[in-house]
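Subject: Structure for your files

Hello,

Here is the structure I said I would pass on. My notes on the strands follow below it.

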Amino acid sequence: MAPQGLSTINLTSLPKRAEGKVRNLYDVDENTLLFVTTDRISAYDVVMNNAVPYKGAILTQITKHWFSVLTERVPGLKTHFITTDVPTSLTPEEAAEIKDRSMVVRKLEVVQIEAIVRGYVTGSAFKEYQKSQTVHGIKLPAGLRECDAIPDGPIYTPSTKAPLGQHDENISPQQAKEYLIKQYPGGKGEKIADRIAELAVQIFKAGQEYAAERGIILADTKFEFALDPETGDIILADECLTPDSSRYWPKDKYEPGRDQESFDKQFLRNYLTENGLKGKPNVTVPEDILAATSERYQDVFERLVGKKLQDVIKA
């Protein structure tokens, strides 16, 4: 029987910097942060009352794996990742609580744009396409079915980065550029916008290729980027290509024209939608739905990493 998911983290040895839907951030020193990933799960921008067993460890360890894979496959890519070793300043009890679910990262300036890349017409993208034959304002050919691959390859479809409790808003690449030009005047914003658009698609294609080698379709994902104040480089930050931030489908069961079987939290989204709970606050998810979600996350972890989760976290 799986343990209960861990919804709250209690660290007092480090100052808490922020708490998001899933992660808590702590200051380690002036140059580094501690990211701690709980087992909390959100859907439609609402955090559920209960949590998914092992989720925090899965998201942390799969992010660590992807950072390693992508820095090998994408020339010049840099990430904020330093180590998954627990800071020595924590008490033994705190260290045990966050083992396998935390990583120390560089403290950088996060760019306030969600860098979404889509390889398939699905989710909110398909709904927009049905209305206007566009995705984030980008015109696509007529006649595409739900979950069809986007002709000519993946596209960059950014969104705003809304505060906790509010909804991100889909915007066009041009709108994202205009926003960043305001944030970073003097020509800097345009360079940042162009680099993020280029790098996001480049990383996504490398991720697609790696996943396809393992029988998985990476349909879409969301990246976050940060600025290195010393070099001006754009750095891949936050989580990366996890089942929380990505749509993953089994390649052998893919069939366009319908919703796909998935390894991600679409399973939970479907449950909420079917039961009239989409976007509703204060939802307690049945244990069997949480367990099934955990199984999907562990399945895609094993396929992508090539090891069982328990073998990775038992050391």
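Two strands are said to pair if DSSP finds at least two bridges between them. Note also that this is a predicted model.

Most of what I have concerns strand β9, residues 113-118. Its pairing with strand β14 (residues 216-227) is antiparallel and comprises four bridges. Within that pairing, Ala115 has Phe223 of β14 as its bridge partner.

β9 is also joined to two other strands. Strand β13 (residues 159-160) runs antiparallel to β9 and is connected by two bridges, with Glu114 opposite Ser159. Strand β12 (residues 155-156) is likewise antiparallel to β9, again through two bridges, and here Arg118 faces Ile155.

As for burial, six of the six residues of β9 are buried, so the strand is largely enclosed by the rest of the structure. Buried here stands for under 20% relative accessible area. In a regular strand, side chains alternate between the two faces of the sheet. Both faces of β9 are covered: one side carries Ile113, Ala115 and Val117, the other Glu114, Ile116 and Arg118, and all of these are buried.

β1 covers residues 16-19 and β2 residues 23-27, and the two pair in the antiparallel sense over three bridges. In this pairing Lys16 stands opposite Tyr26 of β2.

Regards

Note on methods: Residues numbered from 1 in each chain as written. Predicted model: local features only at pLDDT ≥ 70, side-chain atom pairs only at ≥ 80, totals over all residues. Heavy atoms only, no water. Buried < 20%, exposed > 50% of the residue type's maximum accessible area, 1.4 Å probe, protein only.
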